[in-house]
Amino acid sequence: MIDDRMTERRKSNARANTAAWAFLITATLVSWWLGHAARNNFPAQHLAIAGVIGTALIKVWVVGLQFMELRNAPPLIRLAFAAWVVSMMVALLAIALA
Amino acid sequence: MASPGPKTMPLTGGATQKKAVVFEANGGKELRLSGETGIWIFVVGDLAVFTLFFILIMLGQREETAAFATSRAMLNVGAGVLNTLFLLTGSWFVAMGVERYRSGHLAKARRDLDFAILCGLAFIANKCSEWASKISAGLSPATDNFFMYFFIITGIHLFHVILGVGVLLYMRALTKHDSVSSLDVLKLESGGLFWHLVDLLWIVLFALFYLL
């Protein structure tokens with residue numbers, strides 16, 4: 001019974017891996033475009049830079065949660081990882097834009 | 001050739017009971033940190049070092065915006081994008097391989113790891129050809145601060161990728177054992193975590209070096 005449910009969970013985890021991969025590829029292409037915009041005097045260059053850094057850190061968060069399986073980790077560890085991602089984002093944005 | 005079915009080793013009574021308690025206590029969710037504790041200590045240490053690298057690159061970008069922009073324009077963004085796709089896809093194969101191994105599908109897990117190894121080798125080949133073209137164009141770590149950071153930090157990262165391919169080969173060898181063991185699950189998860197760390201670090205390096 002429990003083993004059946006664990007098998008089901010594994011299948012759903014495999015689907016989540018594929019969804020995460022598709023998201024990460026899409027985000028990479030979007031950030032490529034944003035970077036292009038940032039370089040070519042896009043009217044809102046700061047916005048494009050923020051977009052590149054923001055997208056990178058969101059990708060990092062997805063890799064951690066899904067591929068490194070932190071979404072199944074104890075809450076304190078999940079929190080510590082989220083805190084690191086947010087601090088990185090704030091620090092890099094502050095240096096780039098402030 | 002008939003695909004061999006799942007090969008699992010029955011857990012002992014105590015372990016099954018513990019598994020059931022943990023499983024039920026979390027609403028049908030297995031709440032645990034994957035891999036061994038040691039690999040997490042390494043992950044945290046490596047993240048700390050690369051956090052410093054990320055900040056250094058960004059400070060350089062802030063202080064020498066124009067010089068960084070000129071040097072960055074000499075990079076081939078397409079090569080960076082391609083390498084990102086190789087690592088992300090490699091990570092997907094590793095995650096799938098670990099999941100399939102845990103379900104007892106050893107042959108499928110091995111095939112996933114084969115593809116992950118190919119992704120790693122493709123990254124290394126692409127990186128070497130990129131470096132070769134930069135060096136033959138007269139660019140080196142001595143050119144300016146941007147290229148100093150670029151060569152040193154992506155070099156350290158490349159070393160991680162090479163090590164990662166070695167780890168994947170070791171993981172692949174584990175899938176040749178006759179059955180799934182909880183110790184091998186931990187080893188595969190730990191190896192997978194190292195590979196995902198390499199992917200995660202590249203995501204930020206790619207943004208800072210190629211896209212800004």
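Reader: How many residues does the contact take from chain B and from chain A?

Author: In this predicted model, the contact takes 39 residues from chain B and 38 residues from chain A. Two residues count as being in contact if their C-beta atoms lie within 7 Å.

Reader: Which elements give two or more residues to the side of chain B that touches chain A?

Author: They are helix 1 (13-25), helix 2 (37-63), helix 4 (77-102) and helix 7 (182-211) of chain B. Helix 4 of chain B gives the most, with 11 residues. By class, that side of chain B holds 24 nonpolar, eight polar and seven charged residues.

Reader: What makes helix 2 of chain A roughly antiparallel to helix 3 of chain A?

Author: Helix 2 (residues 45-67) and helix 3 (residues 75-97) of chain A pack at an angle of about 165 degrees, with their axes 10 Å apart. Angles over 145 degrees count as roughly antiparallel, and therefore helix 2 of chain A is described as roughly antiparallel to helix 3 of chain A. The crossing of helix 2 and helix 3 of chain A is right-handed.

Reader: Which residues make that contact, and how do they divide by class?

Author: Helix 2 of chain A contributes residues including A:H46, A:I53, A:G54 and A:W61, and helix 3 of chain A contributes residues including A:F81, A:M88 and A:L92. The contact of helix 2 with helix 3 of chain A has 14 nonpolar, three polar and no charged residues.

Reader: Why is helix 2 of chain B called roughly parallel to helix 7 of chain B?

Author: The axes of helix 2 and helix 7 of chain B come within 11 Å and cross at roughly 5 degrees. Angles under 35 degrees count as roughly parallel, so helix 2 of chain B is roughly parallel to helix 7 of chain B. Among the residues in this contact are B:D46, B:F50 and B:F54 of helix 2 of chain B and B:S190, B:L197 and B:V204 of helix 7 of chain B. By class, the contact has 12 nonpolar, one polar and one charged residues.

Reader: Which residues of the largest nonpolar core touch the most other members?

Author: Of the 73 residues in that core, A:V52, B:I203, B:V204 and B:A207 touch the most other members. Elements of both chains give two or more residues to the core, including helix 1 (2-39) of chain A and helix 5 (106-136) of chain B. Helix 7 of chain B gives the most, with 18 residues.

Reader: What does B:V204 touch?

Author: Not counting residues up to four places away in sequence, B:V204 touches A:A56, A:V60 and B:F54.

Technical notes. Residues are numbered from 1 along each chain as its sequence is written. Chains are lettered from A and ligands numbered from 1 in the order in which they are written. This is a predicted model: local features need pLDDT of at least 70, side-chain atom pairs count only at pLDDT 80 or more; totals for chains, interfaces and linings use all residues. Helices (H or I, at least four residues) and strands (E, at least two) are DSSP runs, numbered from the N terminus. Ala, Val, Leu, Ile, Met, Phe, Trp, Tyr, Cys and Pro count as nonpolar, Asp, Glu, Lys and Arg as charged, and the others, Gly among them, as polar. Axes are lines fitted to C-alpha atoms, for helices over the stretch in contact, and angles run from 0 to 180 degrees between N-to-C directions. Angles under 35 degrees count as roughly parallel, over 145 as roughly antiparallel, 65 to 115 as roughly perpendicular and the rest as oblique. A crossing is left-handed if the near helix is turned anticlockwise from the far one by less than a right angle, and right-handed if clockwise. A nonpolar core is a set of buried Ala, Val, Leu, Ile, Met, Phe, Trp, Tyr and Cys residues joined through C-beta atoms within 7 Å. A residue is buried if 20 or more other C-beta atoms lie within 10 Å of its own, exposed if 12 or fewer, and partly exposed in between; C-beta atoms are placed from the backbone.
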